[in-house]
Amino acid sequence: MIEVLDGVRDLLPALRERAQEAEDRRALPAETVKSLAEIGFFRLLQPARWGGFEADPLTFLTAVRLLGSACGSTGWVGSVIGVHNWQLGLFPDQAQQDVWGDDPGTRMSSSYAPTGKVTVVDGGYRLSGRWSFSSGCDHATWVLLGGIAPGDPADFRTFLVPRGDYTIDDVWNTVGLRGTGSNDIVVEDAFVPAYRSLSFSDTARCRCPGQELNPAPLYRIPYGSIFSYAITTPIIGMATGAYDAHVDYLRERVRASYVGVRAAEDPHAQVRVAEAAGDLDNAWLALENNMRELMALATAGEKLPMRLRLRVRRDQVRGTAQAIRAVDRLFENSGGRALAMGTPIQRFWRDAHAGRVHAINDPERALSMFGRGEFGLQITDAMV
């Protein structure tokens, strides 16, 4: 997958130039999405039987970090849309046929919070309601929606809905990640056949119908491990972009309030840069270690121990926190000129904080799960 990573690196200058355009549009430019598709980025986690690369998750996440370091919104949309190709590989075969049968390049957006109404009917379900925060939905023709299917017990499921069965309500006007186009999805009494739904319980058990036809180790990784890092990684990328911009800026900055001393010679600025670099390194090294261990076990056909899965979630939320701490320190050390709209540091700072409020980044939830595991208590959360 070196070719895809090389293609991503080649795109970075253009993505930096388009970052303000994405903010102004409140959605990624079509050229950006087209370029990502052309270099094969969206195929990284897609099943081989549909023309995908079935790449190691670390390759995908490395590409996401690079994208986020150039444009936070591009990193975010690329990551969440890219990981959907992995999730569809867990669905029954007919669902995969419906989406990719005519065009393996078809893309999906998502909104997993179960805010709509689900009714069980003969042959499947009926959905109605409004789902928010569907990043990149303007560049997708299917959507994955979360919902609670009534029953005994009730079942939290993901439902796959085609573009003809929903409308997009343009409501995305935010302080950060403005270029993600994370608008609302509105559904009015749409029928979803049973095969176009997937239980979160099955993803937590790593036993999904799509694994029979997509047996690669990639598809034996828990949803809670793959998706959670798909949210943290673009934030690490944003903080990395802020770091690069900050170091370049301070090399030339002269601090008027310190009688013309070059900022790069300020020992306090040097310490802050070292602290930010350490936070970013720690976040990324934990991600690398966890993903390598998960894939080694999956490749060997071994069961993934709960303690490892809990550690992944622990390190994922801590990785987000470390990236936020780094970008805050860099922003505070950049001086008043970094406040100007259009500068990369303030945009990365806003984007990272916007990504931080995603539900998967709730530190108390993930850390509490880890603590429960350490004390030998039962873990019932499906996002592990």
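Biologist: Is the crossing of α7 and α9 left-handed or right-handed?

Modeller: The crossing of α7 and α9 is left-handed. Keep in mind that this is a predicted model.

Biologist: What angle do α7 and α9 pack at, and how far apart are their axes?

Modeller: Helix α7 covers residues 223-252, and helix α9 covers residues 306-332. They pack at an angle of about 20°, and their axes are 9 Å apart. Angles under 35 degrees count as roughly parallel, so α7 is roughly parallel to α9.

Biologist: Which residues in α7 and α9 meet?

Modeller: On the α7 side, they include Gly224, Tyr229, Ile236 and His246. On the α9 side, Val312, Arg313, Gly319 and Leu330 are among them.

Biologist: How do the residues of that contact divide into nonpolar, polar and charged?

Modeller: The contact of α7 with α9 has 11 nonpolar residues, eight polar and two charged.

Biologist: New topic: the open sheet. What order do its strands have?

Modeller: The order is β2-β3-β7-β6, four strands with antiparallel pairing. The twist averages 15° from one strand to the next.

Biologist: Which strands stand at the edges?

Modeller: β2 (117-121) and β6 (167-169) do. Each has a single partner strand, so one side of each is left without a neighbour in the sheet.

Biologist: How many bridges pair β2 and β3?

Modeller: Five bridges, in the antiparallel sense. Strand β3 spans residues 124-134.

Biologist: And what is the bridge partner of Val120 in β3?

Modeller: Tyr125 is the bridge partner of Val120.

Definitions and conventions: Residues numbered from 1 in each chain as written. Predicted model: local features only at pLDDT ≥ 70, side-chain atom pairs only at ≥ 80, totals over all residues. Heavy atoms only, no water. Axes fitted to C-alpha atoms, helices over the stretch in contact; angles between N-to-C directions. Helix = DSSP H or I, 4+ residues; strand = E, 2+ residues; numbered from the N terminus. Parallel < 35°, antiparallel > 145°, perpendicular 65-115°, else oblique. Left-handed = near helix turned anticlockwise from the far one by under 90°. Contact = heavy atoms within 4.5 Å. Nonpolar A, V, L, I, M, F, W, Y, C, P; charged D, E, K, R; others polar. Pairing = 2+ DSSP bridges.
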